[in-house]
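Biologist: I'd like to learn how to read a structure like this one. Could you walk me through a few features?

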Amino acid sequence: MFTGIVEELGEVTAVEKLGDSSRFRLRGAVVTQGARHGDSIAVNGVCLTVVEHEDDWFTADVMAETLDRSSLGALTVGSRVNLERPMAVGERLGGHIVQGHVDGTGEVIERKPSENWEIVKISLPADLTRYVVEKGSITVDGISLTVVEAGPDYFTVSLIPTTLDLTTLGRKQPGDPVNLEVDVIAKYVERLLGPQGAAK
């Protein structure tokens, strides 16, 4: 379980193709502190398992399903990535409940800079629109964000300077893909209501 509060901006240092999967080597001095084989680390919002690690890097295997459903397949050597370790029991929940299970991908449509913040417009797959509401939470590349506007096929978020400086969203340009994870509580509510509630 994660919170969507990015701990550091890491970097892909190697990509090894393994048939229908890939092994990524990623640099991240903060998230590797105390890391052990089998630990989880979120990479651009995708929960991955540590295979090997040293002082400031770790490797993780990414299966075909993850490569197909997320933007990780587009990563190359030198790509910057958002990194977060799982939340420890008893710690503050600074963002919202994030599973690290990507629901789909969107694309940055446009950026509107302001004096002290920036509005970013992101496309939204049709099957996810019902989970996105104004002032609700959404995870974009592993970042817990508040929805400003929820359109029919897009949403917008307002980014403060800290988010722009310390995450990949400060560098993403129109056309760049992003991983999306909607609020898991909304999905559980829909499931509990059944077909009648989901159809409304």
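Predicted model: local features only at pLDDT ≥ 70, side-chain atom pairs only at ≥ 80, totals over all residues.

Biologist: Let's start with the domains. Which residues does UniProt list for "domain: Lumazine-binding"?

Modeller: The UniProt record, an unreviewed entry, gives residues 1-96 and 97-193 under that name. In the model, residues 1-96 are 6% helix and 43% strand, with the end C-alpha atoms 10 Å apart. For residues 97-193 the figures are 16% helix and 41% strand, and there the end C-alpha atoms lie 21 Å apart.

Biologist: Now a single residue. Where does Arg111 sit, and is Arg111 buried or exposed?

Modeller: Look for Arg111 in strand β7, which covers residues 104-113. To judge burial, we check the relative accessible area against a cut-off: under 20% is called buried. Arg111 comes out at 17%, so it counts as buried.

Biologist: What does the side chain of Arg111 make a polar contact with?

Modeller: One partner is the side chain of Glu118, at 2.5 Å. The Arg111 side chain also reaches a backbone atom, the oxygen of Leu169, at 2.8 Å.

Biologist: And which residues is Arg111 in contact with, leaving aside its neighbours within four places in sequence?

Modeller: Glu118 and Leu169 turn up again, along with Ile119, Val120, Leu164, Gly170, Arg171, Lys172 and Gln173.

Biologist: Which element gives the most to the lining of the largest pocket?

Modeller: That's β10, with five residues. Sorted by class, the lining has nine nonpolar, seven polar and two charged residues.

Biologist: How much space lies in the second largest pocket, and which residues line it?

Modeller: That one has about 260 Å³. Its lining is made up of Asn44, Ser71, Ala74, Leu75, Ser79, Arg80, Thr168, Arg171, Lys172, Asp176 and Pro177. By class, they split into three nonpolar, four polar and four charged.

Technical notes. Residues numbered from 1 in each chain as written. Heavy atoms only, no water. Helix = DSSP H or I, 4+ residues; strand = E, 2+ residues; numbered from the N terminus. Buried < 20%, exposed > 50% of the residue type's maximum accessible area, 1.4 Å probe, protein only. Polar contact = N/O pair within 3.5 Å; in protein donor to acceptor, adjacent residues only side chain to side chain. Contact = heavy atoms within 4.5 Å. Nonpolar A, V, L, I, M, F, W, Y, C, P; charged D, E, K, R; others polar. 1 Å grid on protein atoms, 1.4 Å probe; cavity = no way out; pocket = protein on both sides within 12 Å on 5 of 7 lines; lining within 4 Å. Points joined across faces, edges and corners; volume = space filled by probe spheres on them. UniProt positions renumbered as here; feature names shortened; annotations may be inferred.
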